[in-house]
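Keep the structure open while reading.

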Amino acid sequence: MPLGSGWMFSRFTRLMAGCLVLSLVQEPLTLLAAPVPGWHVKKKTAAKSITEEERATHALNRLTFGPKPGDLERVQAIGVKKWVEMQLNPEQIDDSLLEARLQSFPAMHLSQQDLIQTFPSAGMIRAVADGRIPLPKDRVEHAIYQNQVFAYEEKRQKQAQEAAKRPAGEPVAAAAPDQIAAKENLMADAMALEDVAGSPSIAVHEQKLYADLASTQIVNLSPDQRLQSLVGMKPGQLRGFMKELTPEERSQLTAGMTPQQKETVVALLNPTLLVAGELLQTRLLTDLYSQRQLQAVMTDFWLNHFNVYLKKGQLAPWYLVDYEQNVVAPHAMGKFEDLLVATAKSPAMLFYLDNHTSIGPRSMAAMRAQLNPQARNKSPGLNENYARELMELHTLGVDAGYTQNDVTEVAKVFTGWTIDEPRKGGGFTFNERRHEPGPKVVMGKTIQENGEQEGLEVLHRLATSPATAHHLSQQLAERFVSDTPPPALVDRMAKTYLRSDGDIRQVLRTLFTSPEFWSRDAYRAKVKTPEEFVLSAVRATGGQVDRPAIVLNAMGQLGMTFYGCQTPNGYSWTAGAWVNSGDLLTRINIALALAGHKLGTATDLDALMKIKGPDAASAAQKETRLEAIFLNGELNPQARQTVLQQADALAVQGPIALPAAEPFKPGSKQAGTMPVRAAFVQVMDSATPIPAPADDNA
């Protein structure tokens with residue numbers, strides 16, 4: 001943005017951040033929040049209904065992840081009613097521009113089996129290291145596996161050496177809290193380059209390695225030659241080589257490579273980082289750029305409703321790719337029973353809630369285990385996790401009248417629902433030997449012995465229950481209307497659900513055509529979750545995301561990462577979970593980072609304000625336009641002064657550190673360990689740069 005001075009740029013940065021911050025306490029044009037009287041020059045009318053412009057604003061705030069510049073005018077031109085109906089039929093909306101963006105992530109288009117074969121999990125690597133499966137013959141896959149086997153064996157050797165140094169009988173010291181937190185952080189584990197590169201055997205060869213490998217020569221080769229050089233390195237060399245590169249050289253290393261080649265570079269370092277990183281980034285870009293915004297919002301809703309935790313175990317990132325793309329998204333606006341069955345059979349859900357290990361107490365597998373003392377000790381037995389969450393969270397709700405005995409009986413019904421060869425990426429399978437024989441009684445209804453069909457019968461009964469209809473309608477109304485939605489609206493939605501056999505689209509249509517949804521009470525009645533805040537802020541500024549890892553990191557700073565909720569109940573949609581002083585301060589810092597072009601996005605403020613040149617408008621006019629864009633009206637002088645004073649105070653303190661937010665700068669080599677989060681950002685930048693959009697609406 002061409003401005004007259006650094007002072008002027010700083011002032012606009014603070015003002016833009018201030019406008020974003022005000023979105024925390026009221027719902028302006030682009031960012032949804034709760035109303036605060038007196039902050040706008042414009043006053044609310046006493047009328048019960050909202051104006052036509054407010055209807056368009058309201059629809060955009062609720063049915064999307066926040067309007068982009070120009071969206072309000074487009075919706076008004078189409079007509080709010082017609083636009084809502086278009087969003088309810090996403091298959092009729094062209095989303096080719098998003099699809100073009102996602103072509104930069106070819107791994108995300110692989111089947112689950114091909115994904116885990118090409119980019120192996122830690123379990124696959126252990127199996128190779130232990131000689132249970134052979135190394136692949138393909139040269140590139142061979143190098144990926146070999147690098148990970150080497151790292152695994154180095155770590156195992158180091159652990160053995162440390163154990164040998166401990167006196168006999170000395171207990172292993174418990175990990176410190178900060179060590180536990182680091183271990184739980186998937187990205188930290190994935191990018192702990194120092195674990196391998198700092199090991200003794202690597203250090204022995206380091207001097208000779210860098211005498212033979214001139215990093216600048218490799219960087220200056222053609223893309224194909226560069227990749228072949230990396231693939232041809234001996235196990236363990238690549239990590240040391242990457243450490244020796246300057247930030248500029250790391251950026252140049254993958255320049256000109258195809259998306260597949262860039263993925264190979266990351267997979268040579270760590271396949272888990274590649275799969276988890278692309279899973280998160282593709283979801284981010286879909287939410288930001290999809291024209292099928294309601295489809296994206298509903299996919300997000302159901303991913304939270306049927307929550308699966310990314311850090312559950314080693315296979316979770318691989319399972320979640322299939323879970324999002326093939327289980328949740330295709331059913332997000334279809335029949336709820338179809339979605340329920342798909343999630344029940346998903347390896348991601350079977351793995352997350354441990355149903356894949358559940359064995360009936362009187363099953364053939366359990367009886368055989370009783371005859372073998374060793375097998376009996378290792379038998380996991382009946383697991384009730386899925387049965388409990390299925391009834392309490394997924395369908396009926398906590399107060400639906402079922403008992404602990406009902407949970408146990410449902411758990412028996414789902415014994416045998418498991419995963420076929422999990423290590424190889426297999427899908428759902430029913431194992432008759434693990435299934436509990438005999439009839440089961442669930443909430444007074446007898447389920448006759450019928451193998452896999454027992455589970456389908458229970459899912460059908462739960463999906464068609466009036467309690468489920470009310471529970472789901474309540475949650476949808478909380479998401480789209482208010483934290484305490486009108487009971488009459490919830491009842492009408494539940495009736496539509498039962499009448500339409502659980503058609504989610506029909507329930508949403510009842511919601512979006514209701515007078516309660518368009519009422520003055522519902523307008524500006526919701527506080528944004530951290531996820532919605534970050535997504536809508538980026539969309540509101542018209543920013544083009546060129547470094548998605550930094551945006552994802554900002555969501556992590558606010559405590560709401562994708563797939564980051566450990567407990568099955570998912571994140572809360574209500575304000576009470578997110579409105580606190582610490583969260584507000586972090587939002588302010590993130591707003592400052594976004595306004596200062598340090599959030600991995602590029603924003604042209606002149607274009608946003610529709611100013612053609614640096615002298616086309618005065619400073620006061622620019623400020624007024626910026627306020628109008630974000631706040632749908634002018635700030636009064638007192639509010640403006642308060643915003644700028646608070647921004648000044650924060651500027652003195654300094655914003656939160658966002659890793660690798662600054663552009664790469666040439667410089668001398670800086671050998672040593674990269675910070676974990678910075679390494680994640682840098683490597684994923686190299687692997688998956690985001691192409692420029694085909695047009696302004698991309």
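Buried means under 20% relative accessible area, exposed means over 50%, and partly exposed lies in between. This is a predicted model. The protein has 37 helices and six strands. Of its 698 residues, 54% count as buried.

**Overall picture**

- The accessible surface of the protein is about 29800 Å². Carbon and sulfur atoms hold 53% of that surface.
- Take the contacts with a separation of 6 or more: 74% of them are between residues 24 or more positions apart.
- The count of salt bridges comes to 21.

- Side chains of opposite charge can pair when their charged atoms come close.
- R283 and D300 form a salt bridge through their side chains, at 2.6 Å from N to O.
- R283 belongs to helix 18 (residues 271-289) and D300 to helix 19 (residues 293-305), so this pair ties together parts that are 17 residues apart in sequence.
- Are R283 and D300 buried or exposed? Both R283 and D300 are buried.

- Helix 19 has 13 residues. From first C-alpha to last, helix 19 reaches 18 Å, close to the 18 Å expected at 1.5 Å a residue.

- An α-helix has 3.6 residues a turn, so residues three or four places apart point the same way.
- D71 and R74 form a salt bridge, with their closest N and O atoms 2.7 Å apart.
- Both D71 and R74 sit in helix 3 (residues 71-78). They are three residues apart, about one turn of the helix.
- Which of these two partners is buried? D71 is buried, at a relative accessible area of 10%. R74 is partly exposed, at 34% relative accessible area.
- D583 and R587 also meet in a salt bridge, at 3.0 Å from N to O.
- Helix 33 (residues 581-595) holds both D583 and R587. They are four residues apart, about one turn of the helix.
- D583 is buried, and R587 is buried as well.

**Positive phi in loops**

- Most residues other than glycine have a negative phi, and most peptide bonds are trans.
- D354 has a phi near 65°, a positive value in a residue other than glycine. D354 is in the loop between helix 22 (347-352) and helix 23 (364-370).
- R524 has a phi near 60°, again positive in a residue other than glycine. R524 is in the loop between helix 30 (504-512) and helix 31 (530-540).
- Why does R524 count as buried? R524 has 12% relative accessibility, and buried means under 20%.

**The loop between helix 30 and helix 31**

- R520 is also placed in the loop between helix 30 and helix 31.
- R520 is buried, with a relative accessible area of 12%.
- Which side chain does R520 join in a polar contact? The side chains of R520 and E54 are joined by a polar contact of 3.0 Å.

Conventions:
Residues are numbered from 1 along each chain as its sequence is written. This is a predicted model: local features need pLDDT of at least 70, side-chain atom pairs count only at pLDDT 80 or more; totals for chains, interfaces and linings use all residues. Side-chain values use heavy atoms; hydrogens and water are left out. A salt bridge is a side-chain nitrogen of Lys or Arg within 4 Å of a carboxyl oxygen of Asp or Glu. Helices (H or I, at least four residues) and strands (E, at least two) are DSSP runs, numbered from the N terminus. Buried means under 20% relative accessible area, exposed over 50%, partly exposed in between (1.4 Å probe, protein chains only). The expected span of a helix is 1.5 Å times one less than its number of residues. Contact means heavy atoms within 4.5 Å. Accessible areas come from the Shrake-Rupley method with a 1.4 Å probe; for residues, only the protein chains shown count as cover. A polar contact is a pair of N or O atoms within 3.5 Å; within protein, one must be able to donate a hydrogen and the other to accept it, and residues adjacent in sequence count only if both atoms are side-chain atoms.
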